[in-house]
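Open your viewer and load the model. This tour tells you what to select at each stop and what you will find there.

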Amino acid sequence: MTAATATANQPTLKSYQLVAKLKHKMHRRRIRKAEAKLLKEVLDDATVDTNVDVPKTLRDALPDDMEIRTSDNRAIVVTECTGKFNMIGCNQAWENLCGYAESE
């Protein structure tokens, strides 16, 4: 066996790189397929409500009337938009969710 035939039978570094690159692409393709499948399941789920009204003002988010504020099932917390994001207010559902009272 000559040196030329021995190196011809051995894979080169480039072929290893190509195999690694193909494996990476196949892995990414599987991930994208899984994500697409999950997205389809979420979009087909009848329990997901996409017609949610987002409050535009603090008064809309946390009404002054405590009965309306406590009857809302959505957990709502309002924070400052800069700095340490200090809490401005929350509703009863948020207090039940996290276990802390608004005064804490």
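Start with a definition: a residue is buried when its relative accessible area is under 20%, exposed when it is over 50%, and partly exposed in between, using a 1.4 Å probe and protein chains only. Now select Tyr-100. Because its relative accessible area is 51%, Tyr-100 is exposed.

A word on the ground rules. This is a predicted model, in which local features need pLDDT of at least 70 and side-chain atom pairs count only at pLDDT 80 or more, while totals for chains, interfaces and linings use all residues. Residues are numbered from 1 along each chain as its sequence is written, and side-chain values use heavy atoms, with hydrogens and water left out.

**Stop 1: the whole chain**

Show the chain as a cartoon. You will find five helices and two strands. Helices (H or I, at least four residues) and strands (E, at least two) are DSSP runs, numbered from the N terminus. Follow the chain from that end: the order is α-α-α-α-β-β-α.

Switch to a surface view. The chain exposes about 9,300 Å², and carbon and sulfur atoms supply 58% of that area. Accessible areas come from the Shrake-Rupley method with a 1.4 Å probe; for residues, only the protein chains shown count as cover. Of the chain's 104 residues, 12% count as buried.

Next, think about contacts, meaning heavy atoms within 4.5 Å. Take the contacts in the chain with a separation of 6 or more: residues 24 or more positions apart account for 9% of them.

**Stop 2: back to Tyr-100**

Where does Tyr-100 sit? Look in the segment after H5. Leave out residues up to four places away in sequence, and Tyr-100 touches Trp-94 and Glu-95.

**Stop 3: Glu-102**

Select Glu-102, also in the segment after H5. Glu-102 is partly exposed, because its relative accessible area is 29%. Its contacts, not counting residues up to four places away in sequence, are Arg-69, Met-87, Ile-88, Gly-89, Cys-90 and Glu-95. Try the distance tool between C-alpha atoms: Glu-102 and Val-77 are separated by 9.3 Å, though they are 25 residues apart along the chain.

**Stop 4: the salt bridges**

Side chains of opposite charge can pair when their charged atoms come close. A salt bridge is a side-chain nitrogen of Lys or Arg within 4 Å of a carboxyl oxygen of Asp or Glu. How many salt bridges does a search of the whole structure find? It finds three.

Is Arg-69 buried or exposed? Arg-69 is buried, because its relative accessible area is 13%.

Move to Arg-59 and Asp-64. The closest N and O atoms of this salt bridge are 2.4 Å apart. Arg-59 counts as exposed because its relative accessibility is 57%. Asp-64 counts as exposed too, because its value is 55%.

Now pick Arg-74 and Asp-72. In their salt bridge, the closest N and O atoms are 3.0 Å apart. Arg-74 counts as partly exposed because its relative accessibility is 38%. Asp-72 is partly exposed as well, because its value is 22%.

**Stop 5: Asn-91**

Asn-91 lies in the loop between strand E2 (87-90) and helix H5 (92-98). Why does Asn-91 count as buried? Because its relative accessible area is 2%. The side chain of Asn-91 reaches the backbone oxygen of Arg-74 at 2.6 Å. Not counting residues up to four places away in sequence, Asn-91 touches Leu-62, Arg-69, Asp-72, Arg-74, Ala-75 and Ile-76.

**Stop 6: the cysteines**

Select the cysteines. A disulfide is a pair of cysteine sulfur atoms within 2.5 Å. The structure holds zero disulfides. Cys-90 is in no disulfide: the nearest cysteine sulfur, that of Cys-98, is 6.7 Å away. Cys-90 counts as buried because its relative accessibility is 1%. Cys-81, in contrast, is exposed, because its relative accessible area is 70%.

Methods: A polar contact is a pair of N or O atoms within 3.5 Å; within protein, one must be able to donate a hydrogen and the other to accept it, and residues adjacent in sequence count only if both atoms are side-chain atoms.
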